[in-house]
Structures are given as C-alpha cells and as structure tokens.
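Let's take a friendly walk through a protein model, one part at a time. Have the picture open beside you as you read.

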Amino acid sequence: MLKRFLSERPLRLPHFRPYVPRPSDPSIFWFNSERDDIVSDVVKRICASHESDRARLEIALNDAAFHEIRRLEKQRDDEARDRLGYWRAMIRRIGKMDDSEQRRVLHTIVTNMARDVAGNFDPRVYRFARRAVPRLIGGVMEPRRLTQDLMAPAPQALSRVLKAQGDVEHLRDLRTRGTLVFVPTHSSNLDSIVLAQALDDCGLPPVVYGAGKNLFTNPIISFFMHNLGAYRVDRRIRVSLYKEVLKLYSQVMIERGYHSLFFPGGTRSRSGMIEQRLKLGLLGSAVEAFTTNEVRRVDRPVWFVPTTINYALVLEAETLINDWLMEEGQARYIIEDDEFSRIDRWITFFRKVVGMRGACIVRFGEPIDPFGNRVDGTGCSMTPTGRVIDAGGYVEHRGTPVADYVRDAAYTRELGEVLAQRYETETVLMSTQVVAHVLFRDLVQATPGMDLFARLRLRGEIRLDREAVCQKLGEARDRLREIEEKGRVLTSDVVKEDSPAELLERALGFWNGYHDSTAASLEGDQVVLRDPSLLLYYQNRLVPFAQDIAQPDQLEAACEIESLGVLR
Amino acid sequence: MSLRIGVVGAGGFGQAIALASARNGHSVVLWSRRARELPPPIQTSTDIGDLESCELIFVAVPARHAIEVAEHLCEVVDGRHLITHVSRGLVGADLKTITQVMREKTVCRRLGALAGPLVAAALAEGRPSGAILGTGFPELTSMVRDALGGAGLRIYETQDVIGVELASATVGFLTVVLAYAREVGAEPGTLAVLATRGMVEVSRIGQTLGADESTFLGLAGLGDLIAAVAGDQRPELQLGRALAQGIDLTSAIGEAGAYVEGIEVAGHLMEHARRLGLETPISSTFVAVSEGRMTSDDAIQELMERRVGKE
C-alpha cells in the first residue's frame, strides 16, 4: 500500500516561496514553470494526429483498453481494483461513442498518461543531492573518512573511483547553444547515478531522463527521481498511445532545450558486450525534435554525445550474465530482484571498488549532429575535411525544411549505426576485462570442440600456469596498444601502466570477495578458473577485438570468441 | 518536375544514365576526370564544383575508384544532396559497400544503390528493363524514378541497402562460376544447383553483415544472375570461360576485357566467413580452381562428396 502510495503520489517538498531561476541556471531549473505547458503540448499533438482519422482513433482506444485490461487482469493489485472497471466499461462503449465522445475519451487518456510521465524539478533537492550523494557513497566506501568527507568542500572517495574523460570543454561550449543528448552504454542500474555525478564533476548541466517505474518503488530513490526531473516509464504498459506519449514527451523536452539522457541499448547489456543493436524509439524522438525546430525556424540544434560507462567491477554482473545465458533477456526486461535491489551488495560493491584505482571511467565521446557529423565549438556541423555545412539541409526538400517521418526514421537508423561504431571506439577497456579475456581464451584453447555451455560448467577444473598467463597478458596488452593507436579502442591507465603480474593481481582482487563466487583465483603458481560465466561476462567487452589481439596460435580460439558477437 | 542531375563517371553506365535522364527532360551534368563529348543537352565537366547545384547525383564508377570519387565529392556535397550509385563491387578486405564509403567520406546521408538486371545499353536506348533501388529514403526513390523511370524501366524499391549492394557484388562471382561450369560441360541441372546453392551461400554471409536473405532471391541477386547467364555479355562470362580453357587467372582477367571484381570479392567473403566459422564450399572450391590449386574434376568431386542437408 505504501509502495503504491509513493509510486502514485510522489513526495514533494512544500513551497513557501516559488524559486525564480537565474539566467545562469541550467535549463532544467525552468522545468516546473513549463511542465503544464509541456504536458498540454504533448496532449495537443497526439490528439491532433488521431482526430482527423476516425478509424485510427478507434483503433487507438481499442488498443489502449485491450492492453490495459490484459495488464491489470494479470496484476490483480490495488491499481487493478481501481482501474479495471473503467477500461472494461470503456471497451464495451467504444463502438457506440460518437466522434466527439471518442475525442474526449482520447484526450482524457492521453492527459492522464502525460501527467503520469512528467516529472518535477526542485532546486532544493538538486542542491541537496549534489552535496549528499557523493558523501553518502563515500561514507559507504570508507566509513572512517565520513567525517572528513562531510566537512570537505569535495568528497575524496568518489573522485578516486570515478574518472571522467573526453573533450569536456567542447561540451561546455555547446551547452548554451543547443540541446545536448547524452547516449551512454548501459551496464548497470548505477549508470544514471554515475553519469549524473560525472556531469556534475565536469561542470556540465544536469539532464532529464526516463527512469523505469520499478525504481520509484524504493521511497528514497523515488523521492530523488521525482524531484530531479526524471520522467517515469512504466514498462508494463504496452499501449501504443503510451509509447507515443513517452516519445513525444522526450521530443518536446529536447525541442525546448532540456539536455537529455537516454540509453539507446534500451536495457542493461546482459552479456557485457558493447551494445550493437540499439533501440531507436527515443533516438528518433531527438532526430524529430531537430526537424521540428528547423521547420519552425527555431535556432536550437540537437547534438548527441556518445558516452561509454566503463566499470572494472559490475554490481549486477552475475544476474546479468545468467539472464543472458538462460536466453531470458527479453522475457525479463525488467529485473527487480538483482544486486541493485540489495543494499548489502551495494555496500560490499562500493567498499570493494574504493581501494581500486580507476574502477569506473565515464568517457564522453566527441559530440555529433543527428546525421553523425562532427561539430565544432560553436555547434556548426563539419565534413570529414573540416568544411562547415548547414545541418538544416538534411531536412530540406527542394530548398524548404519539411517534416517527413519516414526520412527521419531512416536518419535515426543510420544514427544508431554511427553510435554503435562510436561505442566501440570510445570504450575504455578495464583491467578485469583484459584479464578475463586472456583467461577465457585459454579456457577455449584448452577445451577444443566443446560448446559454450559445457565450458561454463568447468568450475575450478582448468588450471593455468601463472607465468604463462602473465606472458599472454603482456602480449595482449601490446596488441591492444597497437589498435588503440589506430583509434579503434581505448584502454584504462591501469591497463597501460601496470605490469602483467600487477594487472592479474588487480583483476583477481576485484573479483575476490564481491561476487558470490570469484571468477578466478591463485593457488601457488597456478591460476584456477573458478567461474567461467563471470569470465565470459567480463571478457565479452573484448569480443570485437579478439582476433586483433591474438597471437597466431590463439587465432582459432579468438575466432570462436568473436563468433559470440553474432549472438548479442 | 525537372531535376538538376549530376552523373559521376563517363563509362557505359554513366553515359546511359545521362542519356536516360536527359530524355526524361531533366538537366544533366556529367563529370569525369577527362573531358568528354556527349550530345546536348547533356553538359560535361571536369570541374567537380559543377555538381554542387545538382539535387540528385548518380555515381557510376567501379568500386576501386569509389574512395577517390567520394573524397572529391566531399568538397562539394552536403546534407541537401541525394546520391545513388550503380557500382557492382565492394571496397577492400573489410567488405565495405559503396554507400558505406560515401557515408564515411562525405556528409551525404540520403544514399541509395541501384542494381538488378539493368544493363547500360538498354537504359541508354530506353528498352524495357527493371532494376531495384535500395534506400531508406522514399524521396530518393521518387527522384530516381523521375530521372530514369518511365515506360522503359520499372524501378522497384527496398530498404535493404546493404542487401542490394552485397547481392549485386556477389552476382559477379557467381557468374564467373557458372560460365566456368558451362564451359567444362556441366549440365543444366548442375548449373541450377550451383546457382541456387551459391546464392544461398553468399546470402548466408550477407546476413552476418546485416542483409536480408530475401534480397538475394530478388532482382538484386537471382534476377541479376539470370540476366547474366542469359547472356547480356558481361565480362565475368568471358573470364569464367577463359579459366575453364586453362588460361591462368591474370591472363584470363586480361582476356575478359574489363576489370572483374568477382574473384577478389569472393576471396574477401571467404575470409569473413572463416572468421565467423561459416562454411563456403562453392566459393572456396572455385577460388582454389581459379588459382590453379585444384582441377575442375577434383572440384566437382569435392562438392559432390559433401554431406547433403536440408535446403
């Protein structure tokens, strides 16, 4: 009951005096004053697109009622008790409604959906979160330093663990000239927190993003999410109108200059591989936002920032890889019972990573326009040779900017491909991933002809000579340096600077004591492969580069590993 | 609607496109590195800047010149331009298609690939024929149909751009295989098996690169192959026949009288298939034959002895 109360009626702090944003405040500070207008804009556009076509309108209402009845019948909870009757009565009446009643019902449904999606932004909560979150996490990591961190102007623990890379100055130049859309890779539910922190550390503006409604069931997280501008996405709702509301809400926010964040992978990478198949819905909303502004002659361009979030240790690694291996990734789109929901795992996780230099790297890639072109410091799109072009030309037909949904969908597909390529080149390979790859490749070499699942059952059965492993690590690292010089991938400072023996020790140290079973351990002069599934998860980041870093005698094993990429 | 059309390349296909477009009432400028004479109203040019004012540009150069041409175009095109190419090849060992090269080297995004059983002579003379245009942009389809279509040419469309380009590139290789087999006395049944299983083989590789299987079975794949073996005088037929007569690969390519990319494409496809652990019996066997590592009898025996599975 409390859960439902909190998720349906978000907690907001009382306002004694309305906050008047200053010109220097980020765009999100204007959100509350614009929220009703944004909701009404979304409702108006969706209703207008349905009202001229009675058949389409009737299909939309039937679809909404059908899917909601199906969902609520399955849910059998308080919401079902309240709402099931409404939808059942409605589906019986749709055929008998006249035009105006159908339009009225559509308006009501869409308004309710848009209000449910729209968030809230409270500058007081924002300022509190900026100060408290890093200190709280720092306190969990190092309880002894909590008092020092509370007093310090900037907490130390988090900054030792989290590092932001990329041309941040360029992004700062662009933030006031248009809308930045951050599109990161997605490995963990911690991603949004980590990214928010990295943006803040770099002096970049806060962003709005869609958070799964399941995250709102935790009262503390729900409070912060509600009050920091996040919009709610209820993945259980399959209604087409709801998807339209979500997309259009995101589009209107981008059109109006709210810097945004969404994960094009759609969900956390179950396999640990770099995402290649991206979901294009929200990307499309950003492309259409660009077009709409061009057609309306509003000079507010949209730029995408391909971002990779790279962890040496992933909070939910075990659940994710098991989910992938069970081929239930799609069925369990929303996982509610993973490590993210267990506070003891959070504490163990943070304590584990604090002692490890560079445990998380957020890499901001070079910003691109919606058509995949680089942009200069003033936001002008450029050709590969540096000639400045007018990005508005892409949406022109015979000299006039025009809205064209099909054309924009094609641009979005191409943008998806560009982002997938950029994810590879902007990925920073971490110590655990490189070590896992070398160990897993040895496992494949030691078990010729065996299928993947049989290999994963070999827990503790494969032992490798430590010296030989270190030598192969050194060779792999040398090859990685070569492909890094060609701009194909990046490696962390730790991978660059540590000796192979230190690298091995560091990776084993990360795994040991956090995951239920460690991925590998040392026994005398031997490395014992304890959990091949975890090794698979961490090494999967290197799948696209397996053959490039293999020695001739390792090529066959590398080929097998690379063919895993077809499964992703 | 009169369009301003640019054509890059003054080979047979480039000239045919220019003639067909001019016949349909459009203003045409044909660019080539060397000065050319073409009948008015076609304007010829050696200045790439003359293409800047064109709305639609056709690129009609062999794949091996694609990068160079794209680098030239990069200086004049922007997001307003629409580009379609008619090349039947791929670029380099990583199997880059021409649209991928254009996307990498220029800022043009509204791209397409025109392929299928379309031959230059039929296009130039307006004889009935058909083609397929792979593009994600309906406005490009509409413009290409305006430029070239009409009573003489039916242009179908698909969004599977990479499928059209890969199918078109691999038809050249399969044509060489079939010409070779016919020359060494293969019967119609054998030719049919080679054609259909060969197409399945290349489509399997194509799917790993993002292509749809159905595209290989349509105009861009089987349709084009039928036109080739029916005898539309492609150099690949001559190359296949020369190889069957025992002429070595280099001389046979010389005898074909034109640059044939099929064998090179097959080699790259096989390498890609090897990396992914895919079987390519027909391609591998034929490349071995063309390089003199296997006789035709051994090749047939090796293919016939393979385990037979479901279609």
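## Pairing in the sheet

Two strands count as paired if DSSP finds at least two bridges between them. Strand E2 (residues 179-184) and strand E5 (residues 260-261) of chain A are joined by 2 bridges and run parallel. One place to look is Val181(A), which stands opposite Ser260(A) in E5(A). Keep in mind that this is a predicted model.

E2(A) also pairs with strand E6 (residues 302-311) of chain A, in the parallel sense and over 6 bridges. Here Phe182(A) has Val305(A) of E6(A) as its bridge partner. E5(A) is in turn joined by 2 bridges to strand E3 (residues 208-212) of chain A, again running parallel, and Val208(A) stands opposite Ser260(A).

## The whole sheet

In what order do the 7 strands of the open sheet in chain A lie? The order is E1-E7-E6-E2-E5-E3-E4, with mixed pairing. Strand E1 (162-166) and strand E4 (231-233) of chain A are at the edges with a single partner strand each, so one side of each has no neighbour in the sheet.

Helices lie across this sheet too. Helix H10 (residues 191-201) of chain A lies across E1, E2, E3, E5, E6 and E7 of chain A, at about 65° to E1(A). Helix H16(A) lies across E2, E6 and E7 of chain A, running at about 40° to E6(A).

## A covered strand

Are the residues of E2(A) mostly buried or exposed? In this strand, 6 of 6 residues are buried. Thr179(A), Val181(A) and Val183(A) point one way, while Leu180(A), Phe182(A) and Pro184(A) point the other way.

In soluble globular proteins, nonpolar side chains tend to be buried together. The largest nonpolar core here has 249 residues, and Val245(A) and Leu439(A) touch the most other members. Helix H6 (residues 161-183) of chain B gives the most to this core, with 14 residues.

Leaving aside residues up to four places away in sequence, Val245(A) touches Val42(A), Ile46(A), Val110(A), Met113(A), Ala114(A) and Val117(A).

## Where the chains meet

Chain A brings 23 residues to the contact and chain B brings 15 residues. On the side of chain A that touches chain B, strand E10 (396-397), helix H16 (405-426) and helix H23 (555-563) each supply at least two residues. H16(A) gives the most, with 6 residues. By class, this side of chain A has 10 nonpolar, 7 polar and 6 charged residues.

Conventions
Residues numbered from 1 in each chain as written. Chains lettered and ligands numbered in written order. Predicted model: local features only at pLDDT ≥ 70, side-chain atom pairs only at ≥ 80, totals over all residues. Contact = placed C-beta atoms within 7 Å. Helix = DSSP H or I, 4+ residues; strand = E, 2+ residues; numbered from the N terminus. Nonpolar A, V, L, I, M, F, W, Y, C, P; charged D, E, K, R; others polar. Core = buried A, V, L, I, M, F, W, Y, C linked by C-beta atoms within 7 Å. Buried ≥ 20, exposed ≤ 12 C-beta atoms within 10 Å, placed from the backbone. Axes fitted to C-alpha atoms, helices over the stretch in contact; angles between N-to-C directions.
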